[in-house]
Amino acid sequence: MSDMVPVKTFEFINHTADTGVVAYGNDIKQAFANAAMGLFSLIIDLNTVVENLHRDIKLSAEDQESLLVGWLNELIYTFDVEHIIFKKFEINRLTRDQLQARCFGERVDLSRHKLKTGVKAATYHMLKIERDNGNYRVQVIFDI
Amino acid sequence: MARWEGPFTKIDDYRWEIPKNYKPGMRAPGLIYADENMLEAIREDRAPEQVVNVAFLPGIVGHSLAMPDIHLGYGFPIGGVAATTVKDGVVSPGGVGYDINCGVRLLRTNFTEKEVKPKIKELINELFNDVPSGLGSEGKIRISDKEIAEVLTRGARWAVEHGFGLPRDLEVTEEGGCLKGADPDKVSARAKKRGIPQSGTLGSGNHFLEVQVVKELYHPKAAKVMGIDKVGQVLLLIHTGSRGLGHQVCDDYLRIMEGAVRKYGINLPDRELACAPITSPEGKDYLAAMACAANYAWANRQCITHWARESFIKVFDRSLNELGLEQIYDVAHNIAKIEEHMVNGRKVTVCVHRKGATRAFPAGYKDVPQCYQEIGQPVLIPGDMGRCSFVAVGTDRAMKESFGSTCHGAGRMQSRAAAKRSLRGVDVARELASKGILVKTGSMASLAEEASEAYKDVTHVVEVTHQAGISRKVAMAAPIGVIKG
């Protein structure tokens, strides 16, 4: 039963210069999605964001840890270039080295949105993907 | 996180060595500039382990160094300096950081505090309007896909040629605002795409623009050469970097370097130290791309300088000449540079990584601008926004032992999340106002993250580098108005 209990979604962790996110999931896809939610929660109060557009993301990397960093950096890139905030993530495929996802959100509207923190990048620092009793826990530190 | 329990061998009151035999694989000893009172906080932060890790880099010479503003970074600590030989050493993007050529520019004015104070609100509002800042802000300049290559190749020169600022500004900018060897083809399309809309923006985070007042002169002769004549004089400080373009270059090359580490069989204690031989294609490409990002940052600070001058002209209704708004200097504090240094009595060409460290060349040195030949290169050390900033000059001692480098700022003590938990942006603004500092920001949350309480005292940091002799204090200034991104 224990692995059916919905785990916490994510929490912020401290690092002297920057901030990190620990995200949880009943499976690895959910943990990746929750990490993305943590990222955008640093930038904005997600309650103020609606879903009126989506983007598809397809990625490959050397290993799953690099894939996690690559996934979050792809989202930071989309925010920087297209000013899109995502709040929902459907990860359709996630293997050791490949990811396919559809992300839902909207474009920043400074008349409605209050942006909090800028995020430069997801880093490899203290990067962790852990599995415990079928539950996943991933940890990423952001350079902000 | 566990406290760092490794050995510090005291060399003198301001120098602590981590012996080379502390860990097998270290190619050089570590050396941290600090006083006894700082050591406990430094141990708690675990940053000394990163000083040790950097000592593993192939080709490292001298010491793996750290300035008193040391704190935990990625791979390298912030405040870290390491020189590797070009012949058989490596270059590591982690030794530069994500914000390539994050740096500081200082301008003087003919004004005193008394003249500016009555108009400070108007001035800060005008600066806030004229200089794009904050998260999601876009620049006022429209650069075409073709023109971005020019910006990346020519840096601040491009900006001056397009009417942003004065040719003299270039003379008093590190590298003349244009680092050689830049090759825009080595910068990814993604990085360019991130950089184009953000050209000429201050950004967010710890970046700011400050109107300051000179509070103390420690070396009046050098101050005078810089155009800092008296206590009470108003200065303008700009702190920003290469924005999303630099972050993307770093991210792109960290990935390339991961492959290079395997390809060249480099043994590293930390993945974030990923590197490649300086003479390898990967190493050369990174340096060419890094130079582009550095040039982008110099163009950025050059454009902001221009708009800030326009704000002053509008608010005070005087000409630029009457304002005396001249640039004192512009330094990079996140960069890798190919330089010549004496190592064990021999002149060696090295790649000096300065990550949260400032170049501090002495008087008479060839790369110091003509006007500063007699006093040494100005070193600009911004504090946090509630406290003060320092101007210093480089020394011969820095040249001899720290590859011509000194500290870069206050250094964080508290995590951003912790600062935000304990402080609210509005309270920070109110407290600063009670000290006579007017703050304007696009984000109150970001303001709390950057509150004084989150930083080491810059006065303490600068005192250590002064006493250690790797830079000499010239002047101290405190803010009266701040634009925070």
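This is a predicted model: local features need pLDDT of at least 70, side-chain atom pairs count only at pLDDT 80 or more; totals for chains, interfaces and linings use all residues.

Reader: What volume does the largest pocket have, and which residues are closest to its centre?

Author: The largest pocket has a volume of about 480 Å³. Of its 21 lining residues, Glu175(B), Leu179(B), Lys180(B), Lys337(B) and Ile338(B) are the closest to the centre. In chain B, α11 (281-316) and β12 (334-343) each give the lining at least two residues.

Reader: What makes a hole a cavity instead?

Author: In a cavity a 1.4 Å probe fits but cannot get out. The count comes to five cavities of 30 Å³ or more.

Reader: Which classes of residue line the second largest cavity?

Author: Its lining has six nonpolar, eleven polar and five charged residues. α2 (64-82) of chain A and α10 (243-263) of chain B each supply at least two lining residues.

Reader: Why does the radius of gyration of chain B agree with a compact globule?

Author: Because a compact globule of 485 residues would have a radius near 23 Å, and chain B has 21 Å.

Reader: What share of chain B is buried?

Author: Buried means under 20% relative accessible area, and 67% of the 485 residues in chain B are buried.

Notes. Residues are numbered from 1 along each chain as its sequence is written. Chains are lettered from A and ligands numbered from 1 in the order in which they are written. Side-chain values use heavy atoms; hydrogens and water are left out. On a 1 Å grid over the protein atoms alone, a cavity is a set of points where a 1.4 Å probe fits but cannot get out, and a pocket is an open set with protein on both sides within 12 Å along at least five of seven lines; lining residues have an atom within 4 Å of a point. Grid points are joined across faces, edges and corners, and a volume is the space filled by probe spheres set on the points. Helices (H or I, at least four residues) and strands (E, at least two) are DSSP runs, numbered from the N terminus. Ala, Val, Leu, Ile, Met, Phe, Trp, Tyr, Cys and Pro count as nonpolar, Asp, Glu, Lys and Arg as charged, and the others, Gly among them, as polar. The radius of gyration is taken over C-alpha atoms; the globule rule is 2.2 Å times the number of residues to the power 0.38. Buried means under 20% relative accessible area, exposed over 50%, partly exposed in between (1.4 Å probe, protein chains only).
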